[in-house]
Amino acid sequence: YCTDRLTNYSFIRTLNSGNAEPIRVVVTGAAGQIAYSLLYSIAKGDVFGKDQPIILILLDIPPMLPVLDGVVMELQDCALPLLREVIPTDKVEVGFKDIDAAILVGSMPRKEGMERKDLLKANVAIFKTQGSALDKYAKKTVKVLVVGNPANTNCLIASKSAPSIPKENFSCLTRLDHNRACSQVAMRCGVSSDSVKNVIIWGNHSSTQYPDVHHAKVNVHGSEMAAYDAVKDDAWLRGNFISTVQQRGAAVIKARKLSSAMSAAKAICDHMRDIWFGTKEGEFISMGVYAGGNSYGIPEDLIYSFPVQIKNKTWKMVDGLAINDFSRAKMDATAAELVEERDTALDFLSQ
C-alpha cells in the first residue's frame, strides 16, 4: 500500500509538472559570470520548485548577444525537463513581458578611477529604465531581486520607477553577506553552517554593513545556545568577524581577480527560494527591503537590510529585537551612507 501511494505520488507529481503553467523568470546581465553560475540552478528547479516549469528570459546589452547565444546552447544541452523555453534578448519590452520573477544582476561595474557618484549616475539610468519597463510590461505580482551594485540604491530607484508595483515586491541581495556571516561563525565553532541561525545583516550591501550575531543561535552537540556563548570570543565577534564579512567581496576579488560568482549565485537562489516557499518556523534571514514602518529608527525612504520572515510570498520585518549601543552606532552609520547614496541618486533621477 505504501509503495503504491509513493508511486501514485510521483506519478501525480510528474502529471502536475506537465500541467503546471510555466512561470516566466528574467535574469539581466545574463551573459555575465554570476548569471553563468545561477542559470543552471534556476533551470533545474532548485529555486522555484521541482514541479515548476520555467521560461527563462536572458536580458543583456546588444554587444553581449553573441555570448548569450552560447549560454542558450548550453542550457539546451543540459536537457533540463523543467526548462520549457529560453529567450535571449536585448529589449526590455521582451525581457519584462508578463514576468513572475526578475533577478536584476546586470549593472555598471565600478571602473578604475571612477568616482562613486559617476557610478551612481550610470546605474540610476539603468535601473530607471528597468523599473519603468517592469511597470509597463511585468505582472503586478512580480517579485524583483536587485543584485547589481550599489544594490540597495539601485533597488530603490527601480521601485520608484515602477509606481504600479507594490514597494514590498522589491528587495536587494544581502543574503551573500548573511551566508558569509553564518559560515564564519560556524567555522569558528566547528559546526556545520546549518547549525547557525538568525544572524542579521543590517543596512547597506557595502563595507558599512553591520553583521550582527547578538540574536543568533548556534547548535553545538545538539543544544542550542546564543552565538556569543558558543563562540566565547567577544573581541573577535566585535572586531575581525565584522570586518571579515564586510571586506569579503574585496578579498575574493584580490584572490581570484574576479568578483564572487558561485557564492553570489547560491545566495540569489537562497533569497528567491525563501520568497517563494517561506522561511522556516522560528528563523529569520536578511534581505534589503523597503524601510517604511520599521521599528528600529531607520529612515523610512530607503532599501535597508533587515531581519525578515517570509510566508505566502510576503516578508515581514522581525520587530522588537533588543539593540545595544554598539549595534545602534553601526546601524546608524550604514543608514547614513544609504541616505547619502539615495539623495545623490534622486538628484540624478530628477534630471
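How far apart do the C-alpha centres of domain 1 and domain 2 lie? They lie 23 Å apart.

This is a predicted model, in which local features need pLDDT of at least 70 and side-chain atom pairs count only at pLDDT 80 or more, while totals for chains, interfaces and linings use all residues. Residues are numbered from 1 along each chain as its sequence is written, and side-chain values use heavy atoms, with hydrogens and water left out.

**View 1. The two domains and their contact.** The protein is divided into domain 1 (23-172) and domain 2 (174-346), with bounds from an automatic or database domain assignment. Their contact takes 34 residues from domain 1 and 37 residues from domain 2, where contact means heavy atoms within 4.5 Å. The size of an interface is often given as the accessible area lost when the parts come together. Domain 1 and domain 2 bury about 2,900 Å² between them, 68% of it on carbon and sulfur atoms; buried area is the accessible area (1.4 Å probe) that two parts lose on being put together, summed over both.

View 2. UniProt lists H205 for "active site" in an unreviewed entry; its positions are given in the numbering used here, feature names are shortened, and annotations may be inferred rather than shown by experiment. H205 is in the loop between β8 (200-202) and β9 (210-212). Helices (H or I, at least four residues) and strands (E, at least two) are DSSP runs, numbered from the N terminus. Not counting residues up to four places away in sequence, H205 touches N149, N152, L173, T174 and D177.

**View 3. Backbone details at P150 and N198.** N149 and P150 are joined by a cis peptide bond, with omega about -5°. P150 lies in the loop between β5 (143-146) and α6 (151-160). In N198, a residue other than glycine, phi has a positive value near 65°. N198 sits in the loop between β7 (196-197) and β8.

**View 4. Helix α7 against helix α11.** Helix α7 (residues 175-189) and helix α11 (residues 262-277) pack at an angle of about 105°, their axes 8 Å apart. Axes are lines fitted to C-alpha atoms, for helices over the stretch in contact, and angles run from 0 to 180 degrees between N-to-C directions. The angle makes α7 roughly perpendicular to α11, a term for 65 to 115 degrees. R175, L176 and N179 of α7 make the contact with residues of α11 including S263, K266 and D270.

Notes:
Parallel < 35°, antiparallel > 145°, perpendicular 65-115°, else oblique.
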